[in-house]
Amino acid sequence: MSKFYINKLAIVGLGLMGGSLARALKAQGSVGEVVATGRRAASLEKGLALGVIDAWTLDMKEAVANADVVVIATPTLIAEKVLAELAPLMTPSMIVTDVASVKGNMQRAAERVFGEVPANFVMGHPIAGSEQSGVEAATVDLFLDHRVILTPLSTTAEPAIALIQAMWEACGAEVVCMDVAEHDAVLAATSHLPHVLAYTLVDALAQNGSAADIFRFAAGGFRDFTRIASSDPTMWHDIALANKEAILQGIDDFSAHLDKVRAAIASGDGDTLYATFDRAKRARDEHFLGQYLSRQKKSPSS
Ligand SMILES: NC(=O)c1ccc[n+]([C@@H]2O[C@H](COP(=O)([O-])OP(=O)(O)OC[C@H]3O[C@@H](n4cnc5c(N)ncnc54)[C@H](O)[C@@H]3O)[C@@H](O)[C@H]2O)c1
Ligand SMILES: O=C(O)C(=O)C[C@]1(C(=O)O)C=C[C@@H](O)C=C1
């Protein structure tokens with residue numbers, strides 16, 4: 001990993017993501033000053049009190065002045081407004097990145113604001129998080145042993161990509177580069193669809209007249225399946241609208257699969273049911289066992 005140091009990091013939108021990034025970089029001694037800006041003085045003040053940031057301001061110009069790196073960590077659909085505010089303040093030596101969960105929408109937003117995506121804007125997405133939000137939920141090790149996907153374009157400057165890669169590696173993450181459309185299709189399937197399903201299941205049950213009884217008898221399976229339905233509704237409202245086409249495709253593919261399972265249950269087709277459940281168990285076990293083994297290989301003592 002290349003040795004790097006950020007003199008001044010500016011965070012726009014200090015919540016779980018921005019706060020965890022600040023905590024991790026500070027813990028590594030990889031950053032001089034962290035300044036945050038956002039909408040609400042109260043959460044910025046909380047970030048300061050928790051030692052996550054060194055200073056805050058509601059003035060974007062003041063926040064990003066002389067910053068080496070600016071991280072946009074607001075909900076996805078706000079990013080265009082943030083980019084528009086940032087545009088006249090950007091300097092050639094300033095590198096801008098983001099953590100939004102959808103990249104096609106971010107690319108289109110940057111194209112609308114700048115004409116084309118600036119060479120010093122490196123789009124990124126940490127594949128780590130939680131159902132909690134806000135700076136108080138930020139942790140120093142959120143990105144440790146997780147992947148961060150960067151989606152640079154052919155016009156993105158190599159030194160800018162290298163610096164953002166080094167920033168995430170300093171947080172203990174593995175960085176991979178991916179095409180924007182591929183990113184949005186993959187994340188629609190593995191992250192966005194599960195959230196839509198969890199929210200919809202809980203809502204459907206909660207609308208049921210006997211919801212109180214149903215929830216009273218819900219145990220570990222329901223809790224595991226629905227943890228992510230406690231995620232921030234604004235964040236997921238934005239993601240669902242920003243990655244509309246890929247999520248609709250995911251819902252359609254899933255519905256077709258669910259129809260097959262429904263038909264198998266209705267007709268008593270145990271072979272199909274068993275085969276479906278067995279394939280799913282193997283696929284999940286292999287994936288998570290593979291992850292577990294690779295973590296063990298990296299730190300055999302833990
Ligand atoms: N939470 C996760 O698991 C996760 C994982 C990966 C990526 N992301 C992405 O990271 C981004 C931030 O998510 P988070 O979990 O940190 O959310 P969060 O709610 O914890 O933090 C978002 C912050 O943005 C601020 N904000 C909202 N509107 C704003 C505006 N108009 N101007 C300036 N600031 C504003 C909020 O006050 C808050 O401090 C989102 O785009 C999300 O999709 C989230
Ligand atoms: O662990 C969680 O609670 C998450 O929802 C994290 C999660 C996901 O894995 O789907 C959510 C959104 C992101 O953009 C990346 C990660």
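Q: Before we start, what's a nonpolar core here?
A: It's a set of buried Ala, Val, Leu, Ile, Met, Phe, Trp, Tyr and Cys residues joined through C-beta atoms within 7 Å. Keep in mind that this is a predicted model.

Q: OK, how many residues has the largest nonpolar core?
A: It has 65 residues. Leu9, Ala10, Ile11, Leu25, Val70 and Val71 have the most contacts inside it.

Q: And where does this core lie relative to domain 1 and domain 2?
A: Domain 1 (6-178) and domain 2 (183-268) both give residues to it, so the core lies between them. Apart from it there's another core, of five residues, including Leu187 and Ile247.

Q: Back to Leu25, what does that one touch?
A: Leaving out residues up to four places away in sequence, Leu25 touches Ile6, Leu9, Ser30, Val31, Ala170 and Cys171.

Q: How far apart are the domain centres?
A: The C-alpha centres of domain 1 and domain 2 are 29 Å apart.

Q: Switching to helix α5, which of its residues are buried?
A: Asn105, Met106, Ala109 and Ala110. Looking down the axis of α5, they fall within an arc of 135°, so they line one face of the helix.

Q: What covers them?
A: The cover includes α4 (79-86), β5 (95-98), β6 (121-122) and α10 (233-242).

Q: And which exposed residues sit on the face turned away?
A: Glu111 and Arg112.

Q: What follows α5?
A: Gly115, with a positive phi near 95°.

Definitions and conventions
Residues are numbered from 1 along each chain as its sequence is written. Chains are lettered from A and ligands numbered from 1 in the order in which they are written. This is a predicted model: local features need pLDDT of at least 70, side-chain atom pairs count only at pLDDT 80 or more; totals for chains, interfaces and linings use all residues. A residue is buried if 20 or more other C-beta atoms lie within 10 Å of its own, exposed if 12 or fewer, and partly exposed in between; C-beta atoms are placed from the backbone. Helices (H or I, at least four residues) and strands (E, at least two) are DSSP runs, numbered from the N terminus. The arc is that of the directions from the helix axis to the C-beta atoms. Two residues are in contact if their C-beta atoms, placed from the backbone, lie within 7 Å. Domain bounds come from an automatic or database domain assignment.
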